Amino acid sequence: MSNSPSLKIGIVGFGSFGQFLAKTMIKQGHTLTATSRTDYSHTCLQLGIQFFRDVGTFIEANNDVILICTSIMSFTKVLSSMPLACLKKPTTLFVDVLSVKEHPREVLLRVLPEESDILCTHPMFGPESGKNGWKDLNFMYDKVRIHDEATCSNFLHIFASEGCKMLQMSCEEHDKIAAKSQFITHTIGRTLAEMDIESTPIDTKGFQTLTQLKNTTMRDSFDLYSGLFVHNRFAKQELENLQRALDRVKEMLVQRMREELGPEKD
């Protein structure tokens, strides 16, 4: 049980990541509701969560927090289709967990009533990396618009109390860093997959790391990967930087080959 007051948290998008977060929130004593495009009523029944097929009824359920766990690519459509006029509690805290941050920030500011609070977050772990607990795993957040500090603090305590490293930074700074790290990681992994690399009898430790990267990356959907590119304005530049770097490495190799073997070996 968490030492903070219990929150009523409504989850929009109850796929694997929403379910992953929900289990810890329930363990801490919070009350959960959920809605999703897919019918997860049986799963919710097993977890003790009230599931709403109708989004309007879900919005009227008087949640303290509405946690949006949709994909990057569907985020705008989902938010725009929610009957926000039905909110019983105008000061509801809306939280997103997308892997890009400027995009949801802009959508939430544009779509939500001015009374609603906005917390943009990125739990930098998932069902696989967080299966043995969240201790020392990174949790980034940006308090975009907060009137009710108590509810916001109680929500953040869910992650802090599990041992997460709490990283407060702007959405812009997050996306700059993520383009150089998460996006490039996914890009290298998918490039290796396009090359059909597989383990060999003479693998080095470095090559084993690359095959593991490929396998880990390919477990994520192309929808997620494309979202990291389409909705992070810094990603295009990093992709161009990667291409130029590869070209420079190739040029250095060709130059060395010419020096060693002569230009006729090009």
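K176 counts as partly exposed in this predicted model, with a relative accessibility of 34%. Its salt-bridge partner is E172, and the closest N and O atoms of the two are 3.8 Å apart. From there we can move on to the other charged pairs, and then to the aromatic rings.

- E172 is partly exposed, with a relative accessible area of 34%.
- K176 and E172 sit four residues apart in helix 7 (residues 171-180), which is about one turn of the helix.
- Salt bridges with shared partners link E102, E172, K176 and R233 into one network.

**Other salt bridges**

- Across the whole structure, a search finds 12 salt bridges.
- One of them joins the side chains of D64 and K89, at 2.6 Å from N to O.
- D64 belongs to the loop between helix 3 (55-59) and strand 4 (65-68), while K89 belongs to the loop between helix 4 (75-80) and strand 5 (93-96), so this pair ties together parts that are 25 residues apart in sequence.
- D64 counts as buried at 18% relative accessibility, because the cut-off for buried is under 20%.
- K89, with a relative accessible area of 22%, is partly exposed.
- E128 and K131 also meet through their side chains in a salt bridge, at 2.9 Å from N to O.
- Both E128 and K131 are exposed.

**Aromatic pairs**

- If rings are your interest, the count of aromatic pairs comes to 13.
- F20 and W134 form a tilted pair, with 5.7 Å from centre to centre and 50 degrees between the planes.
- F20 lies in helix 1 (residues 16-27), whereas W134 lies in the loop between strand 6 (117-123) and strand 7 (138-145), so the contact ties together parts that are 114 residues apart in sequence.
- F20 is buried, at a relative accessible area of 12%.
- W134 is buried too, and its relative accessible area is 2%.

**The aromatic cluster**

- F20 and W134 belong to one aromatic cluster, together with F17, F125, F139, Y141, F155 and F159.

Notes: Residues are numbered from 1 along each chain as its sequence is written. This is a predicted model: local features need pLDDT of at least 70, side-chain atom pairs count only at pLDDT 80 or more; totals for chains, interfaces and linings use all residues. Side-chain values use heavy atoms; hydrogens and water are left out. Rings of Phe, Tyr and Trp (its six-membered ring) pair if their centres lie within 6.5 Å; planes under 30 degrees apart count as stacked, over 60 as edge-to-face and the rest as tilted. Helices (H or I, at least four residues) and strands (E, at least two) are DSSP runs, numbered from the N terminus. Buried means under 20% relative accessible area, exposed over 50%, partly exposed in between (1.4 Å probe, protein chains only). A salt bridge is a side-chain nitrogen of Lys or Arg within 4 Å of a carboxyl oxygen of Asp or Glu.
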